[in-house]
Amino acid sequence: MASPEENPSSSKIARGKIRISEEWSKAAVSITFGSQDSPQPTVLVCGPKNSGKSTFSRHLLNVLLQKYKKVAFLDTDIGQTEFTPPGVLSLCIIDKPTPDLEIICMKTPERCYFFGDVSSSRDPGKYLQCVYALYDYYRDELCKSENSKSSMVELPLIVNTPGWIKGSGYEVLVKMLNYVSLTHVVKLRSYNDSKDLPRGAFWCDNGCNHSTLLEIKAVIDCATCPLTLQKIAALFREIKMIAYFRQCIPSGSNLNRNKVLARALAALLPYEVPISSIKVRHLHCQVPSSEVFYSLNASIVGLGISSEKSPDIHLCVGLGIVRGIDLFKGLLYVITPVPLRLLEKVDILLQGFIQIPQGFLQAQGCVSPYSATDVLPIC
Amino acid sequence: MALEEEEAVVPSTAAADAASIGQSYNSRIVPWLSWDEWDHVRVSLFSSYPDAIEAALTRVLTWRSRGCIPPLIEVTADFLMAQRMDPFFGKNHLPDAPHSVDQIVTNLYSMAVVRLVNVVVEKKRKHKLTSIAEAAAEYSIPRMLIDIRHECSHRKLPALPLLRDAALQALDWLRSYYWDPQKNALSSPVGGMREKIDSDLRELTLRRFTVSGHRKKSRSIMNELVLQYNLNTSEVVSSLADLLLEVIPSLIENHQQECESGVIWKDSSAGWRTLINQISSMAQNLLLNLLTEVLDRVETQESSIFEAGSDQWSSLGYGGEAGETDNLCSLFAWLIDTLKSGTEAHLSEIGMSRGPLILILRRILMLAPWNKQLMDSGVKLAEVIKENFFIDKVQKFQSLVSSNVDASDRIPPIESSSALFIEQEESMREASQKLSLFGLNCEDNKLVYSEDSKSATISGKWSIAKSWSSCPIGMLPPDSINLSRVPKLSCDAEGRPVTEEWNCKELNSCACKRGPESLKDSTEEDSGPRKKRPRKGSKETRDVEEVGLEVEGAGWLIINGAWEQVSQDYICANSEKVAELVLNLL
């Protein structure tokens, strides 16, 4: 998030500290304190990759918390999640500001869905279903108030969107913009017009836009090679995943290095669940039933709760690593930071394409067979 | 929901840390559990048995679902799937081939060619500087494929005969570019593990027992061995047992001389003990595995002796075998002594793995109660883990034996052994009674759970595992039944475990260039991988397999560590064998 490059039109980015440009802080303030009798803000932040959406969202979050007690954060960027491990669409309630924008914060979401991939391209329909479900929950459950006199609980919403704005990503974004009733849309512009979203309120055809559109410039020139961006994104995902599973080890242990964490996880007492009482489903491809366990072993799964109301998408309580399968005892062994009382409700394991961090498979003295040393680099 | 909030600082060092882990080992995540699995798929894909290819393609599908499959494997599978759909290449797999099957197959082939060229070229090509054709030529992709890719992208799809030819060329190229080089690049040869382990062990002992050994090198060999041990426990254990058997006569001799003269010899017992202790501090349960291995060999020895000369109880028939069994028993005794004299860490290990040690004691009891050396070692072991029940039994037997002392203590005195036999018959009768009860239970189709999983199901679905020892993610910790830790993951469509066997020797010999005439019919029955049912099944069980029906009253038993389906008749026919199993269970 910090870059050594300087940009003349906004303030400099010093190493280790992100400073918000004036344009950004003006935008945040106008959203929060705009006009006194306006309803609580519902803001959507969009823009191309690496333009600073997450940074702006975090900043806006802090500003809103100056006025409101709690703010809801709907994270739809599954590739670069904010408060959850990657691959998860989540709705979090934040009540504490986070002044240092560089720290990774892991929070437990109010409600989340496991999508099983880092981009919505594999199944835009299901992705949108999850987004709508989360927004509906926000609107119907969280904004209801106890007494009927005051109409709404004050809970502003920030919606963070993926940076993929070409092709089917663009269409997904348009649908989201039309579904959520927004008060403000913040569009970040990069230095390269071709990478940007179209000008104006591009999501409504007949000019029926009821929300305020704020266009602000990205602070960093994001003209890096796409391959490097990919690698950086993958690295951040891995860091978030490691931070998530660090929660399995009781806090207070000395886990500064990832190698120590890997060894600790290899020795951790896992949860066990009988294979007969759990279903396994791959979210994006069909696995033959005789090969299920080959596919499941040593993979990251979403811990889902099935319900009759929504057979397609499953509520998720967290992620887990299937660290071993014993067919003779009929048991699955799962490592997860989710506490046991929440696990009781889990009855389906959702497989996806989220990769287990390589470091976990390479604990010293406990190298997993899935980490191979003789792989030719040509493939 | 109230998980603790976690704030993790992400300075640049943490990022570098995460990145460097992958690089320091120079390794990648792969979707296969072992290189053996990869090799089986390789052989099956390029074989000429449709069943084998089918199974391999299913496995590649599974690899795809894990998300880290190398793209070249996917591309190979794409071509083979296209060929499978093509009626030209053998049995048509589409039940009612639609009229448009040619069009479908054309599309499949074209897509496979385009993917092949893109996957290989796109990664490294400097964007827009060179054309794809130029970049592809660097990898010596056949020119035909490059042209087809161009046609597919910019013009219309080529004709089917051309595509068929291209598919064959593509498969050949893939084999020479990826599959064969990868096979050659594997440092530990698949299937040739044993030689490597042997040579490693010998080198290690050589270095340990020479005065000026390079610490670093022996350290790295040790690490390699431990890695091998984790992946392939039985091979390493058996190799170590072989090595020890070679030196055990001299160890015993030297030990005696040591005691007399007080001089420590170079390849002394103490030196070997330290080595074993060192290895077992890094390799879990090594001593346990060694003891089990030695017992296994004693068992085989004894059973072969029985089979060879069951009516000759004289010492004439023994000769060489007696020497070997002697060695084994001495090795057993030596190992027990090593166990006893172990360090504190060992003794705590003994405390943990008490179950398997009791199993060993039982085996000694069943095996050769008249073998004094074994029994003495057993008593020593029992004293260590404080198993008084065993010591009582031994004393009982010894009192029986000593009442009729014979010249060779290997031959059981016939007169007093009759009491032994009567006792054994009694217990067998009891066991068969219990077994028939068990069979009745099976008729009600109740599944037999082992003690452990019972308690897990009572308390609800999820629970914390009762015990665990550190093991890599993807493997299981060692326990009393399965000493090897790599999990067996094959199951049938209902999720019940089966033993899968890939018949690679035959496939290897038949791997040849694929063409329409070289494809054999799938009527051959012993080709390709099959899900094997219990080998020692009676005829009834085989009928079950062929007909595919569930025999009434069939249940599931653990035989040799695997759940296997047995029918009522099988139980009755093999009552003795099964009685023995039940004895072990009880």
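A: Of the contacts in chain B (heavy atoms within 4.5 Å) with a separation of 6 or more, 67% are between residues 24 or more positions apart. This is a predicted model, in which local features need pLDDT of at least 70 and side-chain atom pairs count only at pLDDT 80 or more, while totals for chains, interfaces and linings use all residues. Residues are numbered from 1 along each chain as its sequence is written, chains are lettered from A and ligands numbered from 1 in written order, and side-chain values use heavy atoms, without hydrogens and water.

Chain B has 24 helices and 7 strands (DSSP runs of H or I, at least four residues, and of E, at least two, numbered from the N terminus). Helix H5 of chain B, residues 101-122, packs against helix H8 of chain B, residues 160-185, at about 35°, with axes 10 Å apart (lines fitted to C-alpha atoms over the stretch in contact, with angles from 0 to 180 degrees between N-to-C directions). Residues including B:Tyr109 and B:Leu116 of H5(B) meet residues of H8(B), among them B:Trp173 and B:Tyr177. By class, this contact of H5(B) with H8(B) has 10 nonpolar, 2 polar and 2 charged residues.

Helix H7 of chain B, residues 143-154, packs against H5(B) at about 110°, with axes 9 Å apart, and the two helices are therefore roughly perpendicular (65 to 115 degrees). In this contact, H5(B) contributes residues including B:Val113 and B:Leu116, and H7(B) contributes B:Leu145, B:Ile148, B:Arg149 and B:Cys152.

How values were computed: Nonpolar A, V, L, I, M, F, W, Y, C, P; charged D, E, K, R; others polar. Parallel < 35°, antiparallel > 145°, perpendicular 65-115°, else oblique.
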